[in-house]
Amino acid sequence: MKISLFYEFPLPRPWGEDDEHQLFQDGLVEVEAADKAGFSTVWLTEHHFLEEYCHSTAPEMFLAAASQRTKNIRLGFGVMHLPPPINHPARIAERIATLDHLSNGRVEFGTGEGSSVAELGGFNIDPADKRTMWEEALEVSIRCMVEDPFTGFKGQHVEMPARNVIPKPLQKPHPPVWVACTRPSSVNMAAEKAIGALSFAYTGPGPLKDRVDTYYKDFEEKGTPVTPAINPNLLAIGGDLSMMVARTDEEAIKRLGVGGGFFSFGIMHYYLTGMHTPGRTKVWELYEQAVKEDPTLAYGPGRGAIGGPDTVRQFLRDYEASGVDEIILLLNPRCHEGIMESIEIMGKEILPEFIERDEKAVAAKAKRLEPVIEKVEARRRPSEAPAFDDTYAFGGLPTGQGGKFTASEIPEAWAEINEGRVQAAQAEKDAREKSAGGSAG
């Protein structure tokens, strides 16, 4: 089992003037340490308008910065929102490919539909359309990465003419594709599409085994690839899978403080029960009040990689026994020093045995899945992408309103450039003639 980290970048109020700046700087230091410690991937979510709960609104920016400070750790979108009003498929392809080059091929392309009122409403997305938007955008973004040129698409939510989208990813044909799964039915869907399941499994390792077994059963029996490269993997994160490792259990719990349940509380607030006034509602204050009324919201035994090395090691072994391919551990708000110590202890005392076993497990899994993958690939449907029309071309000035409007800024700028060239040439000529006249005298 691979062990990775998951960033939401929560920032509880009150906010100091430098807090957001420090949040990202601390994160870069932590990811650099995690790379050296041997963590598999750093997964970074994308959310919008979810103040205090998640300030990770442009994950590609942070991951690009992290790519320059790390060498081995993979860089995962956990997830990028695919509905076109949030991210156009061509822009998705461009950003994924660029980051893939910057990181020397370390990108994991996690995808999602979005589900909060804050985000869907903020971008005027009808919740009934989000699955179709995701499906169309996934197809178009992947095709933009692999087709040379992209031959065009016309769907319900995405319409785009032929263009050559550049750059192409370093990983060929494209980085591994995942989809966020909050329900068992979503895990089944991921298996049937032969892509990875980012399973937000709010359960323990026992029930998780059933989910793992079901994923691989559905993959074998129903898997039909929707992307050029398949990705048969299941990753698990639980709402309370926090990480805080110290020398003793007591010290780890003390360092965790009350922040261990903020992730789950934020989900409830933004996705289910809360009412939010932008810029006014104080989510952390609501959480603190809830913890006073029910202290178990902040921490409960077995709800994360929390404790001394022996406790955390056993906790992770229990998840490893479920057969899950990867587990990601949450990082809690305003805990930079504790996170740094946790990463150090994990790297020195816990991760090595899991890394060694995972290398063997990956090799055994590849051998075991060879005949399964043959069956899955045999179910691959022929591409429905239109053939490229070699006579198609574009150019000239942008026009609109039935030809009544023409964008004139470029001709005007070009005329100004030419005028500048004429003036420069005349000035040079005048200077030469003046110099020649002076020499003759």
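Let me begin with A162, which is buried, because its relative accessible area is 11% and a residue counts as buried under 20%. Please keep in mind that the structure before us is a predicted model. A162 sits in the loop between β7 (159–160) and β8.

Where does F394 lie? F394 is found in the loop between α12 (336–378) and β14 (399–400). Along the sequence, A162 and F394 are 232 residues apart, but in space their C-alpha atoms are 9.6 Å apart.

Is F394 buried or exposed? With a relative accessibility of 58%, F394 counts as exposed, because the cut-off for that class is over 50%. F394 also takes part in a nonpolar surface patch, together with F388 and Y392. The area of this patch is about 310 Å².

I now turn to the largest pocket. The space inside the largest pocket amounts to about 860 Å³. Its lining consists of 36 residues, and those closest to the centre of the pocket are Y216, P232, N233, D325 and K365.

Which elements supply the lining? At least two residues each come from β2 (41–44), β8 (177–181), α7 (205–222) and α12. Of these, α12 gives the most, with ten residues.

Thank you for your attention.

Methods: Residues are numbered from 1 along each chain as its sequence is written. This is a predicted model: local features need pLDDT of at least 70, side-chain atom pairs count only at pLDDT 80 or more; totals for chains, interfaces and linings use all residues. Side-chain values use heavy atoms; hydrogens and water are left out. Patches are made of residues with over 30% relative accessible area and no salt bridge: like charges are joined within 9 Å, nonpolar side chains (Val, Leu, Ile, Met, Phe, Trp, Tyr) within 5 Å. Accessible areas come from the Shrake-Rupley method with a 1.4 Å probe; for residues, only the protein chains shown count as cover. A salt bridge is a side-chain nitrogen of Lys or Arg within 4 Å of a carboxyl oxygen of Asp or Glu. Helices (H or I, at least four residues) and strands (E, at least two) are DSSP runs, numbered from the N terminus. Buried means under 20% relative accessible area, exposed over 50%, partly exposed in between (1.4 Å probe, protein chains only). On a 1 Å grid over the protein atoms alone, a cavity is a set of points where a 1.4 Å probe fits but cannot get out, and a pocket is an open set with protein on both sides within 12 Å along at least five of seven lines; lining residues have an atom within 4 Å of a point. Grid points are joined across faces, edges and corners, and a volume is the space filled by probe spheres set on the points.
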